[in-house]
Amino acid sequence: MKEITYLEAIREAMLEEMERDESVFVLGEDVGAYGGAFQATKGLYEKFGEARVLDTPIAESCIVGVAIGAALVGYRPIAEMQFADFISCGFDQIVNQAATLRYRTGGRVAVPLVIRAPSGGGVHGGLYHSQNPEAWFVHRPGLKVVAPATPYDAKGLLKASIRDNNPVIYFEHKGLYRRAKGPVSDEDYTVPIGKAEVKREGTDLTLVTYSAMLFPCLAAAETMDKEGIEVDVIDLRSLAPLDWEAVFQSVRKTSKLLIVHEDNRTCGIGAEIAARVAEEAFDDLDGPVMRVTYPDTHHPFSPPLEEFCLPNEAKIVGALRRLASY
Amino acid sequence: MEVKIVVPHMGESIVEGTILKWLKRPGDRVERDESVVEIGSDKIDVEVPAPARGTLKEILAQEGATVAVGKAVALLETEDAAPARPKTEAPPEPEAAEEGEAKEAKQEETTPRGRRRITPVVAKLAERHGVDLDQIEGTGLGGRVTKKDVLPYLEGRRSTQEAPEPKRKEEALPTPTPRRAAVPSEEEPVEVIPVTAMRKAIAEHLVRSKQTAPHVTTVAEVDMTRLVNFREKHKADFERQEGISLTYMPFIVMACIRTLKEFPFLNGSMEEERILLKRYYHIGVAVALEEGLVVPVIRHADRLDIRGLAHAIHDLAERARTKKLTSDDLKGGTFSITNPGAFGAVLSTPIINYPQAAILGVEAIRKTPVVRDDQIAIRHMMYLCLSYDHRIVDGATAVQFNQRVRRILENPLELIL
């Protein structure tokens, strides 16, 4: 075990997979000699050369299209979006091509493709460098979507994504790159896609979250613990497929559910979780299903305004208190 | 200032009230809390007090009128500008969400217990363990009983039920506390079956009948031998001609209709202090299904002959079994017949299909030794058990009715006329 950052964990995962499997390669804007906008691919160009670390034009539809083509002929591409905000430029390639090819060919064709998408706010990036577009892809059949929060999960999920024979959108939170540090095994390991993890156990309330929101959620759970309320904190890690059993199991135990995410409120992952819990675990509820999310608006460039919009520990504690007293 | 006087909330499930008597007339002065009107419902009568001091301005609903709960029945012109409120009480309730707790807590004090908010998990626990939620003090918002309130209560109940009393070991055997409801355990496994809408409707209907109509059952002993012989003789032909089997039911239905015409009160009902005598004959015939009993109705059964009745009964039973009955098939019966004899019952006390006045239970036909001309003979005997609403039908009438049906069945030729 060693302590590394979230960004290092991502870099290690790519490096180890490229060493392990020659069909794995990376492509994206400035991922080569420059090492990527966030230095995620730093050192890969030197180690594997320009044939396996491809600089591309500033054209996301081209990046995704090339990656799909390569995947169809047996490669395992890792396509880097410089910011998740620009993934929409490659949207058609993702939702109409990558997501449908297996279905269209009756299962004869696989698209073992990973799209890495640096997402999330709180970095004062304004409205084109802060978005959380994960719900669009969760909505679309044929895609897997993951969003890890810890270095351990970041590495294990990226490796699992690379080895998966389906297109996986890998959302990595920019705010965690250097801030999240944690133990990571020296051995080769993967974290299964579609499995949530209980990051803190409690019996009174269930808090479901993912990605960077895990940390204010854990802090809020700690605060509640001092007030005698024990919170079960579930880190989804994967959004599609989503680990429903983990959610239901916890709700059956606590009967009260709060969902926290940095994505917008309307039609976010929280909306789907609330709906499914209402449908399938209604008999176990002892209070309304609640959400703390980013409001349905853009990311302001002004730091105080962005701070006002983002979910944080205080907002989560407020919601937990209300839910506990219900 | 004008204030409305409304029909007050009188309890769960009461949705309207009837104006019984106006105690004040328009133009009368009334004090605050002085009774203005008497309003009745099927469960309770109340006197409605004036919400403020003033003059009764206008009556909006006359005596005898039925008005929904919450709707205005009169207008009151108050003397002071502000609506009546005790001076000590705070001004208008805050509407902000943050004040929700205080507001709900206040409502809790004033609303009847039956209207408390119960969440799904609490409802489930209460049902599964037979808990009366009124016994539990709620700690949730506005005094709501939460899951966390129910679980320790169940825990406490279990320990008082199961823990032996340690100190009295030598004195006497511990007396077990009677259980309030079955608590499932490995030793005493209990299967919990959710009540279906149909089962609930049956339950409510039967309870209503038993609670409203004082039931009396009279029994007639019928010698069915002639009818048995008649049926034996004709059943093969009948089946060939009609494609359905010949049962006793058409004869019994026809005998009942003949007799109902002579004793109209048994084809009546009591509704709102009036007795309604139905001059038409919609006869309900009970059909037992796996999921519960239904009583489809033969409309204008008096217009059918034996063959017509046989087909109508067969059709209803068939459609009941294949779930093809419409709600119209189940409505509007004036008298019902049930046939527990089909399952071997020899005596029953049927429950009236309320608001009908009576129901006839048809029992099993058995060969029985009876006395005929001072000799013991073997005859096909059957009991007819007539339950009737004693508010509408006196004992003498009911017994005469049942005996008349008996005589017709014993002399089936009477059915021809």
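Predicted model: local features only at pLDDT ≥ 70, side-chain atom pairs only at ≥ 80, totals over all residues.

Tutor: Let's start with the wider setting. Among contacts in chain A between residues at least 6 apart in sequence, 79% join residues at least 24 apart; a contact means that two C-beta atoms, placed from the backbone, lie within 7 Å. Residues are numbered from 1 along each chain as its sequence is written, and chains are lettered from A and ligands numbered from 1 in the order in which they are written.

Chain A has twelve helices and 14 strands.

Our piece is strand 11 of chain A, residues 231–235, and five of its five residues are buried. Buried means 20 or more other C-beta atoms within 10 Å of a residue's own, exposed means 12 or fewer, and partly exposed is in between, with C-beta atoms placed from the backbone. Cover comes on both faces: A:V231, A:V233 and A:D235 are on one side, A:D232 and A:I234 on the other. For chain A as a whole, 54% of its 326 residues count as buried.

Now for the partners; strands pair if DSSP finds at least two bridges between them. Strand 10 (residues 205–209) of chain A runs parallel to strand 11, with five bridges, and A:L207 has A:V233 as its bridge partner. Strand 9 (residues 197–200) of chain A runs antiparallel to strand 11, with three bridges; there, A:E197 stands opposite A:D235.

Next, follow the chain. Strand 10, helix 8 (residues 214–226) and strand 11 of chain A form a right-handed β-α-β unit: with the strands pointing away from you, the path from the first strand over the helix to the second runs clockwise.

Beyond its neighbours within four places in sequence, A:C217 contacts A:L207, A:T209, A:V233, A:V260 and A:I316. A:L207 and A:C217 are also among the residues touching the most other members of the largest nonpolar core, which has 107 residues. Such a core is a set of buried Ala, Val, Leu, Ile, Met, Phe, Trp, Tyr and Cys residues joined through C-beta atoms within 7 Å.

Technical notes. Helix = DSSP H or I, 4+ residues; strand = E, 2+ residues; numbered from the N terminus.
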